[in-house]
Amino acid sequence: MKQQNLVREIFSGNAVIPIFAVLASFLFGGILIAFANEEVQQASGYFFSRPGDTISAVLNSVFGAYDALFRGSIFNYQASSAEGMIKPLTETLAYATPITLAGLGLAVSFRSGLFNIGAQGQIIFGAMFAAYVGLSFELPFLIHMPMAVLAGLLGGALWGGLVGLLKATTGANEVVVTIMFNYVALLLLTYLLKTPVFQAPNQVNPISSPVAESSRLPGILGDGFRLHFGLIIMLAMVVAVWWLMHRSSIGYQFRALGYNPSAARTAGINIPLTYILVMAVSGGLAGMAGASQVLGADRQLTVGISATFGFDAITVALLGRNNPFGVLAAGILFGGLRSGAVLMQANQGVPVDIVLVVQSTIVLFIAAPPLVRSLFRLPKPKAVQA
Amino acid sequence: MKQSKKTPIALMLLLAVASLIIPNVQGQQLEVRVATGTDLFPIPNIILPSQGFVAVMLILMLAMTALSVYLTFVRNRKTPLIAVIAFGFGLVMTVLTWLFSGATMGITTLLAGSLALAVPLIFGSLSGALSERVGIINIAIEGQLLAGAFTSALVASVTDSVLIGIFAAMIAGSLVAAILAVFSIKYLVDQIITGVVINVLIIGLTSFLFSTLLADNISILNQPPRFERISIPLLSQIPIAGPVLFNQTLIVYLMYLAVAGVFLALFKTRWGLRLRSVGEYPKASDTVGINVFRTRYMSVMIGGALAGLGGSFFTLGQVGAFGKEMTNGAGYIALAALIFGRWNPIYAAMAALLFGFALNLQYALQIVGSPLPSEFLLMLPYVLTVVAVAGLVGKVRGPAAAGKPYVKS
Amino acid sequence: MSTISRKAIKGIALAAASALVLAGCAAAPEEEESAEGTDSGTSEETETETETVDYKACMVSDEGGFDDASFNEEAFNGLQRAESELGIETAAVESNTGATLTEYSSAIDSLVGEGCDMVFGVGFALATAVRDAALANPDTDFALIDSGLSNDDFSPLSLENVKPIQYDTAEAAFLAGYLAAATTETGTLATYGGILFPTVTIFMDGFKQGVDYYNAENGTDVSVLGATDEDQANWSATGDFSDIAKGKNLSEQFIDQNADIILPVAGPVGQGTGQASLDSEGVLLIGVDSDWYNLEAHAEYKQNILTSIEKKMSDAVFNVIQSGLDGTFVGGDENQYVGNLANGGVRISPEHEVAYPDGIQTALEALTDQIISGELVVNSLYKN
Amino acid sequence: MRLELKGITKKFGDFTANDQIDLVAESGEIHCLLGENGAGKSTLMNVLYGLYQADGGEIVLDGKPTVFAGPGEAMKAGIGMVHQHFMLIPVFTVAENVILGHEPTKALGFLDVDKARELVREISERFGFDIDPDAVVGDLPVGVQQRVEIIKALISDAQVLIFDEPTAVLTPQETDELMQIMRQLKDEGKAIVFITHKLREVKEVADKITVIRLGKVVGQAKPSDSSEQLASMMVGREVDLSVDKQPAQLGEASFQVKNLTAFSAQGSKVLDDVSFEVQRGEIFVIAGVQGNGQTELAESILGIQDKVSGSIKLEGKELLGRSVKNVLDSGVGFVPEDRTEDGLVADFTIAENLMLDRSDRPPFAKGIQLQLKKLHEFAEEKLKSYDIRAQSIFSKARQLSGGNQQKVVLARELSRDLKLLVASQPTRGLDVGSIEFVHEQIVAARDSGIPVVIIATELDEATQLGDRVAVMYKGKIVGIVSPETPREELGKLMAGISA
C-alpha cells in the first residue's frame, strides 16, 4: 500500500513528465522512421503472407535509429577507443554551447516581457564582430581571445540594443523588428563575406580566413575533440545570467518590467532605458553564441555561421522556462539531438528532418503535462491550492 | 507639449533626403510601359521627363510637409492620414523615377508580381487576424502555409484536380491550427512556444515526407496541375488594374473574397462581434453566454484553413511543385504585416502588398542594373518594414487578451 | 479536446500505416537472403544482381540536400550508380538548412567511423571539413566537389588522400551563351543566381562571355539582363536556394523586360523560371548541373528547355569510386580533376525539342574544338 | 418569479468560499446581501449566474431545481447581473457591448446596428440615462460605464437582477438615482439581489437583508436595525465607524500645485488649471466622482502624465518634468489607485515588492548586487509591524488578500523619508479591519508633519479623513470646503454644481 503510494507519487510528479514526453516523441518519430525505411517498405509488400517480416523490419529500423542516436549523442559503446566512446557526449556539449548561450539571451528578454525573435541576427552580428577582431589584430592570447569574445558580445548587444532603442523611442513592435533584422543581418553577412572586410585574399568562395590562433577559444580536451573553451564561457554565463536576474538590481528591474510594466513605471523604473538594456543584454548573449561559433567551433566566418541556433534558442529558452539552468538542460537536449542526428543518418539512413519532428514533439509534450498524463494514463498530481 | 511632432519631423527629414535626388536625374526620361495587349484601348508608353516629374512630386511632398507642420505646430491637430499617403506616393514616385531613369518601367508586371508575392502573405495575415482577434497569438502561420503548400501539391498531383488540392490544403492548414488551438486553449501552453514549435514540426514533417516520398515519385506525387488564369470580362481590360487584378487565377480571386469576407465577418457580423469580444475580454464574453473555447477553436481553425489556402498558392498558383521549406519565412512576414496592419484584415493586406511591392521592386532594380550589390537591394523590403513600423505605426495595441489562456474557475 | 490532438496523431499514424499496407497483399519472396538482417548497420540495401563488394563509398551534401533537382542530386546519382553497378555499399548524410562547419565535420567523422573507404564532400562549404578529416584519417580517401584544398592562410594544400573535383563550368556556359544569343528573337537574354557564390557566378560569367563572343562575331547587340553590371556583386540573385516563387517572379520581370531565354543558377529555384516559361509564349530556359530535360522535376516545361549546362558530377563521382575500388585512386592537388569540355566533365546537353537555329550545331562544335585546343580562352577562376 | 438558493457550497481547493448558503429572492422585493469584502458574496452570485459550478446545494427557480452550465443558461432563465468589475469590452461601442450575446441580426448573421442603437436608446430613456450608443466604452466615465452594464443586464428581459457592489464608483446623486432605478425595477416586478457592504444604502433600499461572513450566513437583519448593529454582524465584532484623529497641527504650505493643465492622448483637456496648496500636518482630500481628473492629477505629481503644464512644487522644488524616480527620491510617497495594476508586481514575493522603488541603492543594493539579507530583514520587520498576514515574506503578492496587498504597498511607501504622501483611493475594496488600519497609517503620516493628499471617491471617507476637502469635476477643482460641509452640498459639488 505504501509502496503503491510511492509509485503513484513518483508518476504523478512533474519530474517524470520530461521522460515520458521524450518517450512519446520517440514513439511518434519511430513511426516515421519505420515508414521511411526501405526494408520495412519491402517487407510490408507481403505483409499479409508473412507479417513477422514487417514487424521485425519495423523494430530493426526503429531500434537501429535510436541506437544510433544514442551512440551519436551520449555514449558510443561500439567505438574502438575510450576516446571514441565519450566523444559523442563532447559533441553534444559542443552543439549545446551556442544554443544555450543564445537561449540564455532569449530567456532574459522573455523574462523581461520582450519577445526577441532576433537571436539569429544577433548571433550573426556577434560572429561578425568577433571574426573582425580575430582577423584584424595580432595580440597575445590573453588579450586577443577575451577581446574577440567581448567584441562578439558587443556586436550582438548593438544589434539587439537597436531594437530596444526603436521600441523605446518609437514604440515599434519588437517582434516585427527582430524578424526583419534577422534578414538584414544575414544579407549584410553575405555581402561582407564577398568584400575584403572578411573574404580571404586569393579566395574565391565567401569564406573568411580562419581567425588568428591567438583569438581562438582553445580546445578543452585536446585535438581529437571539438569541445572548446566556449563551453566554459557558456557555463559561466548560465551562472552569470542567474546572478543577473536573481541577485542584481538590474535583473530585478528586468523582471519587474516583464511581470508588470505599469507597476515598474510607478515605482520609478526607467522603462525605455530598461527596454534598451534588456535587448542589449539579450543580444549580447546571442552575440557570444556567434563569437563561440566563429572563435571556437568553425574558426572562420561563413554564411552559415548562425545555423538555426537562433530559432532553436527560442524553443530552448521557453522549454527551459526562461530559467538559466532549465535553459542549460534544454540546450543540452537539443545539442544531443543535433549531434545524434548525424550518426542516425550516416548509420541508418534516417533523414535528418526526423530530428526536427522529434525535437518539436518533445517540446510540445513537455509543455503539456496533462497530455502526456492522459497518453500514458499517469495518475494526476494532487490538486494544488488555487 | 501637445501634439506629437513625430510626423512633421519625419516628413521634413524624408523630404530633405528626397530633394538630394534631383541633381541625379538630370536630362533623362522615364518610360513607363502600361500596355499589356489585352487592354480595352491601346495606351502608348508614357514618357515622362524625369526631372520635371520629380519636381512635381517634390512640390507635392513639400505641400504635404507644410500642411503637416502647420497643423501640428499651429493648429495643434493631427496630420491626416491622407496627407501622409500623398507624401508617400510622391516619395515612391520620386525614387522610382530616379532608379528607372533611362530605362523602361513595366508598371503592370511590377504590380502584378507584387500582388503575386503578396498573395500568400495576405492569406497568412488573415489567419493571423482570425487567430489573434480571438485571443490566440499565431506564430504558426509559417507552418500553416507550408502544410498547405505540401498537401495541395500532393493531393492535387494524385487527384489531378486543383480544387481538391486547395480543399486538402485548407484541411491541412486547419489541422495545423488545431494543434495550436489544442495546446494553447486546452493545455494552456504558452502560445508563442506552441507556434514556434509547430513551425519546426511542420518543416520537419514536410521535408521528411518530401525526401522520402515526393522526391522519388515526382510525376505521381509532386506534379500538380496549376491554376488556369481566368480573365474577368471587361474588368480585365482596364489598363494597369485590369491585367494586375482581374486576369488572375482562382486563388487570387478567392483572396479578394477572403479579405473582404474576413473584414466583414469580423466587424459587421454577430460572429465577428463575439469573436472579437473573446479576444478582448473572454470573461465578459463568458458572462453573456458566449462559449469562449468553442469560439476560439472555430476562429483559429478557420484562420488555419485560410493560411492553408494561401500555402497552396505557392504550389498550385505559382510554381507547380513543392520544394523543401519553400515558404521561406513568409509566415513571419505575414505576422509582421498583421501587426503593421493593426490586426485589421484590410490594412494587413495593404501592408502585405507593400511588402510584395518592395520585394518585387528590388528585383526590377536588379534587372535594370542598379549600382548596389544585390544583398542591399534584397534588404529593401525588410528595412522598409522596419522604417514603416517604427516611423509611421509606432505603438500598436493588439487584442487585449491575445496570448492569455482563458481559465474557468 | 485532447481527442483532437490524439486523433491527429492517430491520423498520421494511420496514414503511414495504410500506405505501408496498401501493397501489403503481394506474395512473400520465395527464398530469403540467407544473410538477412545480420548487417542491420548498413543502409540503402537495395536488391541488386551484383554481389556485395567490401567497399563503402559515402557522401555528405551541402545545404541543398540530395533532392535539389540540381547540384547535390547530380552528385548523389553518381553514388547511387556506383552502388548498383559496382555493388559497393554506400551511406549518405544530407545536411539540413542551417548546417554549420561543425556539422559538416561531424558528418564526415561519423561516416569515417562507419567504415567508409571513401567520403565525398559536395560543395565548397565542406572544404575545411574535408581537409580536417583527411588530415586526421590518412587511411581514408576523400573527394571534394567544387573546391580545392587550402591551408588556413588559403595557400593551396595538397593531401595524398584527397582528390579535389572542380569544374570549369564557364566553358560549357560559354557555349550555352553562344547558343542562346543565336536563338533569341528579342535580342535580350537573362540570368540570375540564388546567392552569388563563385560556383554560381561562373555559370553566369561564362554565359555572358559566350553572348559577347556571338555579338562580336555577328555584329549583334544581344544583352544579358541580370548580369549587365561590370561588378559581379551587382548581378541578380533571389537571395536563397529554396524559395521557388521568387525565381518565378524574377523571371517574369525579366520576361517583361523582353528577355526570352533565361539561365537560372539557383538550384530548385530554377523551377520558378520553368513555370514562368509556361505562362509566356516563346520563353525558353537553360538548365544547370544536369540535363534538366531528363529530370522529372522539370518535366512539365521540358519543351521549353533550350539546353542545360551540365556538370557531369555523377560521372566523376562514379569514376573516382571505381578508382578507389580498383586501387588506382590518386589524390593530391596536382591530381585534381577539373571537368572541362576537353575531358567531357562539362558540356551542354544535346538538342532536344527546341530546334537550334540552322548552322548553330556546327558552330558550337567548332567552338568546342577551339576551346579544347586552347585557341579560344573562356575566362574563369580556373584560368587567370 | 421566485429564486431560491439552498445550501450552496463552493470550494476553491481547501478554501471554502461559500458554506451552506441559503437565500431567497422574490418578485417585487430587494434582497440585500451584506458582507465584507472577501465574505463570499461575489462567489455566491457567480454560482447563481452559472460562472462557477457549486460543489453542493441547489438552485431552485419557481419551484424547479435548476442547474446552470454557463451564464448563457442563467440569462435564458431570466437572470441578469450587473458586475462589480464591469464585464464590458473597452474597445467596443455601447451598443456593441449591450447586444453582445443576443445580437439582433439581419440576413447572413450581419449585425443590425440600427436595432442595437434603438434598444440602447429605449432602455436609456426608460431610466433617464443619457447614453450615446455609438460611444466607445473605454472613453466613458466609470459612472456611465456602469449604466451600460445595467442596460446590458436589462436587455435580455431578466426577471432576477443581481447588482454586485454597484455604487462603488458613483456620486451620491448617482447613487440616489441608482436606488431609484432599483425601486422602479422592483415595481416592475423584478426580483433584485443587491450585494453591498455600504450600510447607508442597505438601510435605504432593502426589503430583506441577509448578512454573510467568511462564507457563511450569519443571520437576517431588518433595514430598521442600526448601522452599528449591521456593522457588527458583518464584521463579527464591535466596530467604530468613525476615523479616530486629533485636530491637525498645521505647518507651512510645503506642497503647492499651480495652474496645472493636462491633455489626454486624444487631445482632450483632463486637468483644467488646477491650483491648491497643502500644509504640513494636513490631510487634503480630493473628492469627486472617478474619472474627473483625479488619476491625471496623481500621475502628474508622480511624473507619468504626458502633456501637462503648470507647476508642482514640494518644499520649493519643482517636481514637474522630472522622472518618476526623481520625484520619488524627492520624498514623495505614492499609493496608486489600482494596487494590483500599478502598486505591486503580483508575481514577486512580498520581500521583492518591498524594494520595488529602491532596488538599485542601499540598503538593498551595493553596486548592482542585491543585498538580499538586508531585504529579508527589512521585510520580516515590515511583515510584523504592518501585520501583513502571509505565510512568509516569500509569499507571492498575488496570494495575498486585498487588505494585505495594500499593507505591503503602504509599508513600502511609508518606509522612505517622506516629504509628501499621495494616496489614491487607499481603501478601495478593503475590508473594515484593513480600512481602519490604512486610515490609522495615513493619520500617523499626517501627524509626523508632512502634507498628505488623498484622492477619495467615497464621500464618507473624504469627510472623515480629510482636514480639507477639494471637489474635482471635469478636470477642475470646483470647490475647497471643510469636511463638515453637509453631504448634499458636497454631492452638488461633485455633480459640478458649484456652490
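How much accessible surface does chain C have, and what share of that surface belongs to carbon and sulfur atoms? The accessible surface of chain C comes to about 14,100 Å², and 48% of that belongs to carbon and sulfur atoms. Areas of this kind come from the Shrake-Rupley method with a 1.4 Å probe, and for residues only the protein chains shown count as cover.

This is a predicted model, in which local features need pLDDT of at least 70 and side-chain atom pairs count only at pLDDT 80 or more, while totals for chains, interfaces and linings use all residues. Residues are numbered from 1 along each chain as its sequence is written, chains are lettered from A and ligands numbered from 1 in the order in which they are written, and side-chain values use heavy atoms, with hydrogens and water left out.

**Chain C**

Keep chain C selected. Its secondary structure comes to ten helices and twelve strands; helices (H or I, at least four residues) and strands (E, at least two) are DSSP runs, numbered from the N terminus. Of the 384 residues in the chain, 61% are buried. Buried means under 20% relative accessible area, exposed over 50%, and partly exposed in between (1.4 Å probe, protein chains only). Among contacts (heavy atoms within 4.5 Å) in chain C between residues at least 6 apart in sequence, 71% join residues at least 24 apart.

Now select C:R81 and C:E85. Both lie in helix α2 (residues 71-86) of chain C, four residues apart, about one turn of the helix. Over all chains, the structure holds 60 salt bridges.

**From chain C to chain A**

Show chain A beside chain C. Of the five pairs of chains in contact, A and C share the most contacts. One salt bridge to select here joins the side chains of C:D109 and A:R226, at 3.2 Å from N to O. This pair crosses between chains: C:D109 is in helix α3 (residues 101-113) of chain C, and A:R226 is in the loop between α8 (174-192) and α9 (230-247) of chain A. Is A:R226 buried or exposed? At 18% relative accessibility, A:R226 counts as buried, while C:D109 is partly exposed, at 26%.

Stay on chain A and select F70, I74, F75, Y77, I86 and L89. These residues form a nonpolar patch on the surface, with about 520 Å² of accessible area together. Patches are made of residues with over 30% relative accessible area and no salt bridge, like charges being joined within 9 Å and nonpolar side chains (Val, Leu, Ile, Met, Phe, Trp, Tyr) within 5 Å. A:Y77 is in the loop between α4 (51-73) and α5 (82-111) of chain A, and its relative accessibility of 42% makes it partly exposed.

**Chain B against chain C**

Select B:S374, which is in helix α16 (residues 374-393) of chain B. Why does B:S374 count as buried? Its relative accessibility is 1%. Leaving out residues up to four places away in sequence, B:S374 touches B:Q366, C:L196, C:A233, C:N234, C:W235 and C:A237.

The structure holds 13 cavities of 30 Å³ or more. On a 1 Å grid over the protein atoms alone, a cavity is a set of points where a 1.4 Å probe fits but cannot get out, and lining residues have an atom within 4 Å of a point. Grid points are joined across faces, edges and corners, and a volume is the space filled by probe spheres set on the points. The largest cavity has a volume of about 190 Å³. To find it, select B:L121, B:A330, B:L359, C:D243 and C:K246, the closest to its centre of the 19 lining residues. Helix α4 of chain B gives the most to this lining, with four residues.

**Chain D**

Finish with chain D. No contact joins chain C and chain D, whose closest C-alpha atoms lie 18 Å apart. Select D:E315 and D:R280, whose side chains meet in a salt bridge of 3.1 Å, N to O. The pair links distant parts of the chain, 35 residues apart: D:E315 is in the loop between β14 (308-314) and β15 (317-318), and D:R280 in the loop between β12 (269-278) and β13 (283-287). A network of salt bridges links D:R2, D:E4, D:E26, D:E29 and D:K208.

Conventions. A salt bridge is a side-chain nitrogen of Lys or Arg within 4 Å of a carboxyl oxygen of Asp or Glu. On a 1 Å grid over the protein atoms alone, a cavity is a set of points where a 1.4 Å probe fits but cannot get out, and a pocket is an open set with protein on both sides within 12 Å along at least five of seven lines; lining residues have an atom within 4 Å of a point.
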